[in-house]
Amino acid sequence: MTHPHSWWQTGVIYQIYPHSFLDSNRDGIGDLSGITSKLDYLHWLGVDAIWLSPIYPSPMADFGYDISNYTDVHPLFGTLEDLDTLLHQAHLRNLKLILDFVPNHTSDEHPWFQQSRSSLTNEKRDWYIWHDPAPGGGPPNNWMSRFSGSAWQFDEPTGQYYLHLFDVKQPDLNWRNPQVRQAMYDILRFWLDRGIDGFRVDVLWMLLKDEQFHDNPMNPEWKPGDPPNTRQIGRYTEDLPGIHEIVREMRAILDHYGERVGAIRQVVDAYEAALPQDAWPNWVLGNHDRPRIATRVGREQARAAQMLLLTLLGTPTCYYGDELGMQAIPIPLELMHDPKGKEHPEHSRDPQRTPMQWDSSPNAGFCPPGVTPWLPVAGDYHTYNVAVEQHDPRSFLTLVRTLLTLRRALPALSVGSQQSIDQPNPNCFVYLRQHSDQRCLVALNFSAQDQVVTLPGQGQGRLLLSTHLDREGPIPLLELHLRGNEGLLIDLEAPSLPG
Ligand code: GLC
Ligand code: CA
């Protein structure tokens, strides 16, 4: 990278699921004023930007990812003025604010869809993807919803099916229609004019669908119990040619506003796809769709995972609560909200959407005592919460905050080059981050046993941080001893390693 780096490259993004951050008005649901009241915490933690999952008016069939008005705020979360206040207060603390942009589908309650479904000749008919039944009747092809069942819904009044690759209440927009594109780009401009710093773009890679409506191949490796969205291979519904052109159009709008974050890539799922030469990586350990990291790998190993996330080249996104080591908790069926979870309880996304744990008071400080939070609070919140962990020098929170502080202080970590170091121990991952003469070594033990790493060089480094938070200072490099699940961040003072 020779060009100077933008904030969205050097910074760390913190993802807030608005429902679950802080309830300020006693209805058991998080809201914008709640977020505003916790900006000092985020500033203290040391993140650079906040990404809000959708806050727009929505019937909440998919918890805000089904939008009925793109240019307003859902009354559950507050008002446009509350959002302006949040933005203003965030900027006072040097925090950027990123909104979730959901271009693939609207809610079926959006006025566009209401018009579109009203008649075959309505001017908005072509804004969505309508199709006649198959010749013998039934859905036009085999495309499946990522939540459950066919992606086609028959609409009695006009005798055609509409496409919904997600919930039946999330009809897909027709991005081949230039009016749709313009309308969606106007929405970006609306928020940019208000001062929003950028967007996380939802399921960008699904915006275009095969014009011939070919059947998708079934996934031969799928077995009962696997997530419903892996049953089919999305050959004719995902990553179609033309999507990059849309990304460029979005990027051009953002560029017009200066240093805003672009539609870089969908921040989450599509990452594994190979990145082009000049693309900037982004990394996540968890989000509102994936089980929490501390549940997947355990709290011990999650510490090493945090070191990985916050020392890799690229922009990290921290999912709210992961900085505490919050666990995903089982949610009984009768308390489940997620439309995917109601159909397939074992794949419910509610367990990773539970209320943020602020302190040891009832409801973990998320909402006042006596109020029922929209999802239950994890049972171990007395131990894992902000107030308790802030005062514990070895807590998960202290580890994450220290990593964020070091990342900010050391350009090698935020913008430096990255090189993996060959070493014989398969349980460990070692890499070097370098910026001019500053060199940092990261050594991670992803096993529960003690491990020794032998490095191709000699000399001594200075241990800046162990994920156990119990040692620092000079450390010999030839044989690096790592305890179970330990990660080390080492400043290479002496030029001891090649490369
Ligand atoms: C993305 C979101 C997910 C949502 C879906 C439909 O996958 O991350 O939460 O259900 O898009 O908008
Ligand atoms: Ca509330």
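Close-up 1. Buried means under 20% relative accessible area, exposed over 50% and partly exposed in between, with a 1.4 Å probe and protein chains only. Helices (H or I, at least four residues) and strands (E, at least two) are DSSP runs, numbered from the N terminus. β3 pairs with strand β2 (residues 49-52) in the parallel sense over 4 bridges; two strands pair if DSSP finds at least two bridges between them. Within this pairing, K96 of β3 is the bridge partner of A49. From β2 the chain passes through helix α4 (residues 80-92) to β3, a right-handed β-α-β crossover. Right-handed here means that, with the strands pointing away from the viewer, the path from the first strand over the helix to the second runs clockwise. β3 also pairs with strand β7 (residues 198-201), in the parallel sense and over 4 bridges. There, F101 has V201 of β7 as its bridge partner.

**Close-up 2. The calcium ion (ligand 2).** D23 (OD), N25 (OD1), D27 (OD), I29 (O) and D31 (OD) coordinate the calcium ion at 2.2 to 2.4 Å. Donors are N, O and S atoms within 2.8 Å of the metal (3.2 Å for Na, K and Ca); water is not among the atoms, so sites may look incomplete. The sequence spacing of the donor residues is D-x1-N-x1-D-x1-I-x1-D. D23 and D31 are both buried.

**Close-up 3. Surroundings of ligand 1.** Of the 13 residues around ligand 1, D62, H105, D202, H288 and D289 come nearest; a residue counts as near if one of its heavy atoms lies within 4 Å. An N or O atom in the side chain of D62 is 2.5 Å from an oxygen atom of ligand 1. For H288, a polar side-chain atom lies 2.8 Å from a ligand oxygen atom, and for R200 the distance is 3.3 Å. Ligand 1 taken alone exposes 310 Å², of which the protein buries 96%. Accessible areas come from the Shrake-Rupley method with a 1.4 Å probe; for residues, only the protein chains shown count as cover.

**Close-up 4. Q160 in strand β6.** Q160 belongs to strand β6 (residues 160-163). This residue is buried, with a relative accessible area of 12%. The side chains of Q160 and D132 are joined by a polar contact of 2.9 Å. A polar contact is a pair of N or O atoms within 3.5 Å; within protein, one must be able to donate a hydrogen and the other to accept it, and residues adjacent in sequence count only if both atoms are side-chain atoms.

**Notes.** Residues are numbered from 1 along each chain as its sequence is written, and chains are lettered from A and ligands numbered from 1 in the order in which they are written. In this predicted model, local features need pLDDT of at least 70, side-chain atom pairs count only at pLDDT 80 or more, and totals for chains, interfaces and linings use all residues, while side-chain values use heavy atoms, with hydrogens and water left out.
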